[in-house]
Each structure stands twice: as structure tokens, then as C-alpha cells.
Amino acid sequence: MSFDDHRVVITAAGRDFGRTLAIRLADLGAEVFLSARTLAAAERTRDEIRERGHPRVHAFACDLTDPASIRDFAAEVGRRTDRIDVLVNNGSRYLEGPDLLSAADADIVDTLASGATGTVLTVKSFLPLLLASDKPDVVTMISACGTAGHHRSDAHDAFYAAKSAQAGFAEILSRRLRPQGVRVISLYPPDFDNPDPLSAEWDTTPRGAQDALTSQSLVDCILFAVAQPRDCFIKAFHFEQV
Ligand SMILES: NC(=O)c1ccc[n+]([C@@H]2O[C@H](COP(=O)([O-])OP(=O)(O)OC[C@H]3O[C@@H](n4cnc5c(N)ncnc54)[C@H](OP(=O)(O)O)[C@@H]3O)[C@@H](O)[C@H]2O)c1
């Protein structure tokens, strides 16, 4: 399917899944407004996309722990477009370590600020542009760690807390924005493989029943959900872990 008529914002698209999604959406025709913590990282992904022959891609700096940076990002996007159709909350710092005492206070603050506060403020800042669309979607990359009772990750407790905050936010937002026509779509993946979409591995990664979830499948889930008619409001994707 073509996403020619979609204007998409993706946070943290300088590397890994955000970059993957930006490249795939641009390949399918979407106009992409991508951010990374540094402008240089965002511009690297933008240039990779341009080299594939897609000129409708824009790069911005956005530090999700900094409210002013999020506001500036939304304002700059707003100077280039009068609407956004899809906001992808992809950015969120990972923190390793199943021992609460193992992380420094600053790392805990940063983990919660980027994932939890950053997601709330990003949606707040982009909501006016989303409400100007006739097909607005908010997509959030949460994690199995944001599912009640989950305990199989070695992520730090602060990461569990950040992902649980995203889940709670998405839950209430989903109900409150529905009357305004905004779908709030959340993904709760366990650890997944994220091959470079520009490498041969993208087409050869095993995707069998015994294999780990792949970013290819996660991209497919997002494209599927966004492409549905508006009566089909897919609220959440959960995945059985291997
Ligand atoms: N990978 C998995 O197995 C997995 C599983 C479940 C859920 N998820 C979720 O899926 C999303 C993407 O995963 P991923 O594997 O691509 O993540 P990742 O490799 O851990 O990368 C995290 C991304 O977030 C960015 N980030 C961190 N702090 C930031 C800040 N303060 N401001 C702006 N950006 C910031 C990083 O930018 P820098 O390059 O500047 O550090 C990076 O682009 C994340 O929300 C993650 O929690 C991932």
C-alpha cells in the first residue's frame, strides 16, 4: 500500500528501530519528519532516505528529556506542515540491570524523563497538528515491560516504570482522544531483532515460529494498523515471547 498521503513524525530515528521505521515509511511514500537527540544523527538518517530518492524527509533535533526541545521540535514541524497524520513515539532510553541499586540517580531520572515525561510532552506538543488531520494516529513503541505482571526482562526497574507510565498514558489517551477521531495504537514487544533495513540481512532474517520477533514484523504491524479504515481502531499489539 502507498503512504503518499501520510505525514509522519518519528522520534529517535537516528538509529535502530526509529531509523528502520523512517526508512520503510519513506520507501512507501510517506513524508517523514524525523528527530534524534542530536541534529547530526537525524540528518544522517535523512540523508540515507534522500539517497534512496525520497526528497520529502526533514530532520530535527529533539531531546526527549527537555520540554523546551520537544516544544521547539513541534513548532519547527508546524512551520513546514499544517497537519500531521501519524506521530510515532519511538524514543525512550533503555536502562539495563535487574538490581535497583545498580543505576545512578541521574540515569534513573533520564530513563523516566525520556520514556515517560517525553512521551506525554511529545503528544501534547503535536496534538494541534494531529487534530488538523482527517486520519490522526498516535503510535507508541512501549514494551512487554509495560505490561502488568511482566518480569522476564533484565531491564532496570526504572525502565519498567517508564514503560508502565507510557502504557497508562496510552490507555487513558486512547479513550479520551477517540471522540476527536484520534486512534492511539500501542505496541508491547519483547526484545526483538533489529537488522539494518539497508542491509541484505533485512530480507534474510529468520522469521519462523522459533525465532525472536523482528523489526520487520513490528513495521508490518504499524503499517497494518495505520492503514485500516477509521472504524478499525487497533488499540494494542501484544506478542507471545519465545
Ligand atoms: N529493542 C528491543 O528489543 C525493544 C523491545 C521492546 C520495546 N522497545 C522499544 O522500542 C523503541 C525503539 O527501540 P530500539 O531498540 O530502537 O531502542 P534503542 O536501540 O534502545 O534506542 C533508543 C533510542 O532512543 C533514543 N533516546 C534515548 N534517550 C533519548 C532522549 N533523551 N532524547 C531523544 N532520544 C533519546 C536514542 O537516541 P541516541 O542514539 O541519541 O541514544 C535511540 O535512538 C524504544 O521505545 C524501546 O524501548 C525495544
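This is a predicted model: local features need pLDDT of at least 70, side-chain atom pairs count only at pLDDT 80 or more; totals for chains, interfaces and linings use all residues.

**Helix packing, the ligand shell and one glycine**

Helix 1 and helix 2, the latter spanning residues 39-51, pack with their axes 10 Å apart and at an angle of about 30°. Because angles under 35 degrees count as roughly parallel, helix 1 is described as roughly parallel to helix 2.

The crossing of helix 1 past helix 2 is right-handed. On the helix 1 side, the residues that meet the partner are R19, A22, I23 and A26, and in helix 2 they are T45, E48 and I49. Sorted by class, the residues of this contact are 4 nonpolar, 1 polar and 2 charged.

Let me turn to another pair. How far apart are the axes of helix 3 and helix 4? For helix 3, residues 67-80, and helix 4, residues 105-131, the axes lie 9 Å apart, and the packing angle is about 25°. Helix 3 and helix 4 are therefore roughly parallel to each other as well. Here, too, the crossing is right-handed as helix 3 passes helix 4. Helix 3 contributes P67, I70, R71, A74, V77 and G78 to the contact, while helix 4 contributes G118, L121, T122, S125, F126 and L129. The classes in this contact are 7 nonpolar, 4 polar and 1 charged.

Next, the ligand. Which residues are closest to it? They are D16, F17, R37, S92 and S143, out of 25 residues that surround the ligand. Helix 1, which covers residues 16-27, supplies the largest share of this shell, with 3 residues. By class, the shell around the ligand is made up of 10 nonpolar, 9 polar and 6 charged residues.

Is G115 buried or exposed? With 32 other C-beta atoms within 10 Å, G115 is buried, since the cut-off for that description is 20 or more. Leaving aside residues up to four places away in sequence, G115 touches S92, R93, A162, K163 and Q166. One of these, S92, is also listed among the residues closest to the ligand. As for F33, which is 82 residues from G115 along the chain, the C-alpha atoms of the two are separated by 19 Å.

Thank you for your attention.

How values were computed:
Residues are numbered from 1 along each chain as its sequence is written. Axes are lines fitted to C-alpha atoms, for helices over the stretch in contact, and angles run from 0 to 180 degrees between N-to-C directions. Helices (H or I, at least four residues) and strands (E, at least two) are DSSP runs, numbered from the N terminus. Angles under 35 degrees count as roughly parallel, over 145 as roughly antiparallel, 65 to 115 as roughly perpendicular and the rest as oblique. A crossing is left-handed if the near helix is turned anticlockwise from the far one by less than a right angle, and right-handed if clockwise. Two residues are in contact if their C-beta atoms, placed from the backbone, lie within 7 Å. Ala, Val, Leu, Ile, Met, Phe, Trp, Tyr, Cys and Pro count as nonpolar, Asp, Glu, Lys and Arg as charged, and the others, Gly among them, as polar. A residue is near a molecule or strand if its C-beta atom, placed from the backbone, lies within 6 Å of it. A residue is buried if 20 or more other C-beta atoms lie within 10 Å of its own, exposed if 12 or fewer, and partly exposed in between; C-beta atoms are placed from the backbone.
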